Amino acid sequence: MTTLSPENSLSARQSASFILVKRKPPIDKTEWDSFFDENGHLAQSRDFICVNILERGLHPFVRTEAWKFLTGYFSWQSSQDERLTVDSMRRKNYKALCQMYEKIQPLLENLHQNFIETRNNITHDIQKLYDKDPLGNVLIDKKRLEKILLLSYVCNTQAEYQQGFPEMVMLFQLMVEHDHEIFWLFQFFLQKTEHSCILNIGVSKNLDMLSTLITFLDPVFAEHLKGKGAGAVQSLFPWFCLCFQRAFKSFDDVWRLWEVLLTGKPCRNFQVLVAYSMLQMVRGQVLQESMGGDDILLACNNLIDLDADELISAACMVYAELIQKDVPQTLKDFFL
């Protein structure tokens with residue numbers, strides 16, 4: 001067993017405390033621009049900006065630009081001129097990938113059954129997407145979405161296509177204007193979050209660490225989950241596959257949580273602390289009614305219309321609690 005360092009303890013206490021107080025207004029365009037000098041170089045530290053994003057969030061007018069830094073689309077060390085060059089390069093690279101895909105598509109269709117199945121799955125999943133706002137206005141272009149998802153499947157050998165990707169990419173399409181931006185932001189988002197939403201890479205690890213965390217912080221709840229509630233935690237994989245997208249009341253809440261995950265604050269793999277906090281919301285009901293696995297899953301699926309700031313606050317509190325204890329090495333390695 002090891003205790004986290006004093007520096008991390010201070011960081012966690014600050015992370016919890018500044019979320020609990022009345023949140024300051026989100027970072028707006030004027031303040032964001034003040035973070036850079038006349039050449040577009042950072043005038044503030046990356047850590048300062050990320051802590052402020054955790055604390056306060058981003059105004060919608062800032063989100064598009066800020067996310068390009070948070071995902072790694074742009075380097076934090078770049079100048080404005082360098083960023084223009086990078087964006088042009090990413091546009092050209094995307095166009096080259098599209099041309100490559102058009103050339104090899106007949107080969108894929110003839111020789112790779114998996115490609116045909118995946119293409120059909122993408123088409124089917126996209127058609128199920130609800131693409132209108134409350135007034136009936138169309139929000140997204142499904143054909144563009146299908147093209148980007150197919151290209152991502154062909155080019156990204158690590159992240160195989162899975163249900164939920166259309167919902168995720170849709171949020172990028174709502175955020176930025178151009179196809180090359182949507183494509184690269186999605187790729188970088190997956191990398192930056194350590195593929196934590198990918199079934200065959202990060203999701204199983206998240207679920208295992210969630211079980212470990214429950215056992216460490218809440219042994220009474222853990223005992224119930226291992227007994228009558230067996231299998232409930234492993235059934236929560238949609239939370240991670242969708243990065244909790246269906247739990248929130250608005251797209252802004254989803255973006256709010258996702259940008260916190262991208263900052264790496266207050267710790268790595270913050271998504272597991274978020275999931276633990278959501279489980280704590282149903283804990284009392286689960287124990288009082290002695291729920292079994294299916295009923296626990298139903299109660300968890302009923303966690304909708306959540307407020308992102310309240311959930312982030314709760315997860316920061318869990319981290320503050322965690323670092324006050326003698327932490328098993330597995331948890332320390334995972335969160336730090």
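**View 1. Helices α6 and α7 pack with their axes within 10 Å of each other.** The axes of α6 (residues 113–128) and α7 (residues 142–155) cross at roughly 145°; axes are lines fitted to C-alpha atoms, for helices over the stretch in contact, and angles run from 0 to 180 degrees between N-to-C directions. The crossing of α7 by α6 is right-handed, the near helix being turned clockwise from the far one by less than a right angle. Residues in contact (heavy atoms within 4.5 Å) include Phe115, Ile122 and Ile126 of α6 and Leu145, Leu149 and Tyr153 of α7. Helices (H or I, at least four residues) and strands (E, at least two) are DSSP runs, numbered from the N terminus. The model is predicted: local features need pLDDT of at least 70, side-chain atom pairs count only at pLDDT 80 or more, and totals for chains, interfaces and linings use all residues. Residues are numbered from 1 along each chain as its sequence is written, and side-chain values use heavy atoms, with hydrogens and water left out.

**View 2. The annotated domain spans residues 57–265.** An unreviewed UniProt entry labels this stretch "domain: Rab-GAP TBC"; such annotations may be inferred rather than shown by experiment, and positions are given in the numbering used here, with feature names shortened. Residues 57–265 are 69% helix and 0% strand, and their end C-alpha atoms lie 12 Å apart.

**View 3. Helix α10 comprises residues 199–217.** Its 19 residues reach 26 Å from first to last C-alpha, close to the 27 Å expected at 1.5 Å a residue, where the expected span is 1.5 Å times one less than the number of residues. Among its buried residues are Val203, Asn206, Leu210 and Leu217; buried means under 20% relative accessible area, exposed over 50%, and partly exposed in between (1.4 Å probe, protein chains only). The buried residues of α10 pack against α11, α12, α14, α16 and α17.

**View 4. Leu210 belongs to the largest nonpolar core.** Such a core is a set of buried Ala, Val, Leu, Ile, Met, Phe, Trp, Tyr and Cys residues joined through side-chain atoms within 4.5 Å. Of its 109 residues, Trp67, Leu210, Trp258 and Phe270 touch the most other members. Helix α14 (residues 270–288) gives the most to this core, with 10 residues. Beyond four places in sequence, Leu210 contacts residues including Val233, Phe240 and Tyr276.

**View 5. Ser277 is a residue of helix α14.** Ser277 counts as buried because its relative accessible area is 4%.
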